[in-house]
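My entries follow in the order of the looking.

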Amino acid sequence: MKLTRWGIRLPGTQRRTAPAAITAAKPVPAARDGRPGRHDARTAAGAEPAEENHHVAQTDGNDPPDGPGTPGASHASATDAEFVHGPAVHELLGQVPAPVALVHGSDHRLAYVNEAYAALFGPRTPGSPARESLTELEELGLVPLMDQVRRSNTSRTIKSRRVRGPRRDTFHTFTCTPVELSAPEGPPVRGVLVFAADVTDQVTSAERLRESEGRQRETAVTLQRSLLPQELEQPDELRVAATYHPGGTETAVGGDWYDVITLGAGRTAVVIGDVMGRGVRAAAVMGQLRTAVRAYARLDMPPHEVVQLLDGLASEIDPTQIATCVYAVHDPSEDTLSYASAGHLPIVVRRPDGTVHRTPGPTGPPLGTGDWVHESAAIPFPPGSSAVLCTDGLVERRDADIDAGLDTMEEALAVAADSPQILCDRLLRALGISDGHDDDVAILAFTRPQPEGADAGLFRAAALDLHGGIEATPRARAFAGGVLSSWRFPDELRDLGVLTASELVANSVVHGKAPMRLRLRRTDRRLIIEVTDGDEHLPRHQQVRLGDETGRGIALVAAVATDWGTRRLPEGGKSVWAEFALPAPAAL
């Protein structure tokens, strides 16, 4: 803008004529310095500008004008007072309640400050360079900004700077605007108008809001971490690790979750999910879904049936809350990983030969949408394999396709078959996840190590196909006795294993149908005895009364085994299994 003796005008606008601009002032025929055509800067009330209670610069006139094409030492008569005397400054800037300072020249000599500025920073010496007379601007870093404003002829702003006060500190936003100071005669002089807006209330409100959001976020993070597993279950034949990385401090916590659930008979379920939205509500919904998954998993159903139940539950919890998840079950007896997905990212798998791939479909819609029949799929997962489940915060970026993140994830997984925890850390580094990341990240990694050396003898398996009939039970007893003896179990454990195998086979002969199969499996921590047949009727543990001739077999198994259970097979039929905890290796 341009500040003239008679008014203010923006650059590029037509200059007003003096008669049109001074209607509010009473002119006199001659100027104070005796020059013809000059007007005294008396106000309409007849007060002299020098007598006004404004902080007006009175210099010795040695400051060189900064007008174009004019030597620096010339035009000494155009003093600082001539630049600021008149209604343009006194009647306009003097009435502004906010602090205002006006400087000119390459060294930003002070020309004018209003009462609000003097009240905030104290009286200032006019005519001196800003680095001497406006030391507060130097401390606030405004002097370099004023240099930029003069060079670029563009306004610039510094927001929310703290100003120390005698009673309390305040916050101001400073705007530096290029202006032209014009005298009635001579070329204009370039200057800078400094305007300070008090934003103390806004800063205080923002600080209180940040504190409130911080407390709410801390509550949500605490809630979410308390709902996540405090310690992951470690299955016999899998090594599992997980990591949860909340979003940055300005990000409300999300609803990422994961879990590991041992199902019995050596099988393990892994699940990871993401509740859309943020805050305590998302964390609460996440907790309900995770609790429901553990309950449904205990039913030992195929993955797609578990996801189907979660779909219905999610719509009941909150129809407006959408969540995604992938649920997978590892079966070491079959060397498979079966899974079902509800709108979630695919599982990334590393084969024993080092090749990496994503699990193919099917992928259904997110949980809570309803009216969709989910399906399961299965892939081979032999010893030496690794897999990673993650939420979208790991691979999704606003400026890149999500497939690019998945490609980076595959490259990181293909480097080496490390432990799951090292794998989680490597993925965080490869995808650039830091404390300032704007989304929650959950990673669940698991590997199936290849037994080597002394551990190789601790993982063994044997199976016997049976065709029913009266000879099935004796064959099962003889087979179990021979296998358990070769595994060098103590006599007591061997006898209990033979008894359990006999009772399970006998129950299958009476209540099941062919084909039947007896499987024995040992790990470093337990002995597993499992019998499958073609009938889908699941046996139940019943209270046996005195004189009952049936129902004693399952009751006996439940009494001697550490754990037992049943499940329906995806291809039809059922499985009944029992487990025995093994004593420490030194005791075997």
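Entry one, a helix pair. I looked up helix 13 (residues 472-486) and helix 14 (residues 491-511), which pack at an angle of about 155 degrees with their axes 9 Å apart. Axes here are lines fitted to C-alpha atoms, for helices over the stretch in contact, and angles run from 0 to 180 degrees between N-to-C directions. Helix 13 is therefore roughly antiparallel to helix 14; angles over 145 degrees count as such, under 35 as roughly parallel, 65 to 115 as roughly perpendicular and the rest as oblique. I noted the crossing of the two as right-handed, the near helix being turned clockwise from the far one by less than a right angle.

On the helix 13 side I listed contact residues including Ala472, Ala476, Ala480 and Leu484, and on the helix 14 side residues including Gly497, Val498, Ala501 and Val505. Contact means heavy atoms within 4.5 Å. The residues of this contact divide into nine nonpolar, five polar and two charged. In that count Ala, Val, Leu, Ile, Met, Phe, Trp, Tyr, Cys and Pro are nonpolar, Asp, Glu, Lys and Arg charged, and the others, Gly among them, polar.

On the source: the model is predicted, local features need pLDDT of at least 70, side-chain atom pairs count only at pLDDT 80 or more, and totals for chains, interfaces and linings use all residues. Residues are numbered from 1 along each chain as its sequence is written, and side-chain values use heavy atoms, with hydrogens and water left out.

I traced five strands in an open antiparallel sheet, in the order 20-21-22-24-23. Helices (H or I, at least four residues) and strands (E, at least two) are DSSP runs numbered from the N terminus, and two strands pair if DSSP finds at least two bridges between them. Strand 20 (460-466) and strand 23 (563-568) are the edges; each has a single partner strand, so one side of each lacks a neighbour in the sheet. Direction ignored, neighbouring strands are turned by 15 degrees against each other on average. I found six bridges between strand 23 and strand 24 (residues 574-581), and Arg568 has Lys574 as its bridge partner in strand 24. Helix 13 packs on this sheet, touching strand 20, strand 21 (516-522) and strand 22 (526-533), and its direction makes about 165 degrees with that of strand 20.

How many salt bridges does the count come to? I got 31, taking a side-chain nitrogen of Lys or Arg within 4 Å of a carboxyl oxygen of Asp or Glu. I checked one of them: Glu136 with Arg124, closest N and O atoms 2.8 Å apart. Glu136 lies in helix 6 (residues 135-139) and Arg124 in the loop between helix 4 (115-121) and helix 5 (130-133), so the pair ties together parts twelve residues apart in sequence.

The axes of helix 11 (residues 402-413) and helix 12 (residues 420-430) come within 10 Å and cross at roughly 140 degrees, which means helix 11 is oblique to helix 12. Among the contact residues I noted Met409 and Leu413 of helix 11, and Leu423 and Leu427 of helix 12.

Entry five, a second sheet. Its order is 9-19-18-14-15, open and antiparallel, with five strands. Helix 11 lies across strand 14 (348-350), strand 15 and strand 18, at about 145 degrees to strand 15.
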